[in-house]
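Here are my notes on this model, in numbered points. Please read them with the structure open.

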Amino acid sequence: MAKAAEKAARSSVWLEGKAHRRRGGGQPSGLDRDRIIEVTVRLLDAEGLPKFSMRRLAGELNVTAMSVYWYVDTKDDLLELALDKVMGEMRLPDPDAGEDWRDQVRALAREYRTLLVRHPWVSALVGVFLNIGPNSLAFSRVVQRVVRRTGLPVKRMTSTISAVFQFVYGYGTLEGHLASRATAGGMSVDEYFQQALDAVTAAPQAAEVLQESREIMAARGGDTVAEMLERDFEFALELLIAGIEAMVTREAEASGAEEASEAPGTPGTPGES
């Protein structure tokens, strides 16, 4: 059991030197790894993670499954490669560009949200793998460098990153699920949302909550689901940024008070050393 856990913790296409490795022998069917990854992403976007298989991929490529295995050892290796591929779609700000950290946090949050909505399968794979491909590492590096510029002490960095990007992960995941459900039903997101509201209205036990929800949604504004989601996301993001600003001030005050309490006293005063 312990060996299995250790293997799982260390297993990665990037750690095991397989990210660019191919098997011996001649190259089959004129394939290349970039094309395999590209088609994998396209299938995952169109059909979702549960329906993805190496057999389905091989059929889309019009080759045998063994031809695909010449480039990747396992399905997990391919999924890990596909995950890092789409992570490279995000436009990352330059932490050294002299821009306000607030604007850069907003830019990173919006890019991550867009990625999760465009590729709903990503949220199911983030955390399953070690996420140490070049594009994933580039994103993590920029996030850390931007958050360092907030003025918070280093010991608060992981909490700050979690507050912002776990919020984005949750929001983008739910938004992606909504889009996927609508697509599966052959409807637009607005049509699906209205159908869901109509269904809930028919449930007596939900009538009171639904009435409150309607009032809240009407107050926030927005004629479409996309507009409502956008307004909610942007305001929630501003709440987080305001929270970071408040914590920078609080940490600075706490640090100043601590330094004052530890400073040696002057002659004739309490605390004289």
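1. Burial. Of the 273 residues in the protein, 34% are buried. This is a predicted model, and the points below should be read with that in mind.

2. Secondary structure. The protein has 12 helices and 0 strands. Along the sequence the pattern is α-α-α-α-α-α-α-α-α-α-α-α.

3. Contacts and surface. Take the contacts between residues at least 6 apart in sequence: 70% of them join residues at least 24 apart. The accessible surface comes to about 16,000 Å². Carbon and sulfur atoms account for 54% of that surface.

4. Nonpolar core. The largest nonpolar core contains 60 residues. Inside this core, Leu57 and Val68 have the most contacts. Two or more core residues come from each of α2 (33-47), α3 (54-61), α5, α6 (101-118), α7 (122-125), α8 (134-148), α9 (157-184) and α12 (225-262). Helix α9 gives the largest share, 8 residues. As general background, nonpolar side chains in soluble globular proteins tend to be buried together.

5. Leu57 in detail. Which residues does Leu57 touch, leaving aside those up to four places away in sequence? They are Ile36, Val39, Thr40, Leu43, Phe52, Val68 and Leu78.

6. Cavity. The structure holds 1 cavity of 30 Å³ or more. The space in the largest cavity is about 30 Å³. Its lining consists of Trp14, Glu80, Leu83, Asp84, Phe129, Asn131, Ile132, Gly133 and Ser136. By type, the lining residues divide into 4 nonpolar, 3 polar and 2 charged. Helix α5 (residues 75-87) supplies the largest share of the lining, 3 residues.

7. Asp77. This residue is found in helix α5, the helix with the largest share of the cavity lining. Is Asp77 buried or exposed? Asp77 counts as buried because its relative accessibility is 6%, and the buried class covers values under 20%. The C-alpha atoms of Asp77 and Val13 are separated by 5.4 Å. Along the chain, Asp77 and Val13 are 64 residues apart.

8. Asn131. This residue lines the largest cavity and is found in the loop between α7 and α8. Its phi is positive, about 55 degrees, although Asn131 is not a glycine. Most residues other than glycine have a negative phi, so the backbone here deserves a look. Asn131 has 22% relative accessibility, so Asn131 counts as partly exposed. The partly exposed class starts where the buried class, under 20%, ends.

9. Asn62. Asn62 lies in the loop between α3 and α4 (65-69). Asn62 counts as exposed because its relative accessibility is 70%, and exposed means over 50%.

10. Thr249. This residue is found in helix α12. Thr249 counts as partly exposed because its relative accessibility is 42%. Thr249 and Leu152 are 97 residues apart in sequence. In space, C-alpha to C-alpha, Thr249 and Leu152 are 8.8 Å apart.

Note on methods
Residues numbered from 1 in each chain as written. Predicted model: local features only at pLDDT ≥ 70, side-chain atom pairs only at ≥ 80, totals over all residues. Heavy atoms only, no water. Helix = DSSP H or I, 4+ residues; strand = E, 2+ residues; numbered from the N terminus. Buried < 20%, exposed > 50% of the residue type's maximum accessible area, 1.4 Å probe, protein only. Contact = heavy atoms within 4.5 Å. Areas by Shrake-Rupley, 256 points an atom, 1.4 Å probe, with all protein chains shown as cover. 1 Å grid on protein atoms, 1.4 Å probe; cavity = no way out; pocket = protein on both sides within 12 Å on 5 of 7 lines; lining within 4 Å. Points joined across faces, edges and corners; volume = space filled by probe spheres on them. Nonpolar A, V, L, I, M, F, W, Y, C, P; charged D, E, K, R; others polar. Core = buried A, V, L, I, M, F, W, Y, C linked by side-chain atoms within 4.5 Å.
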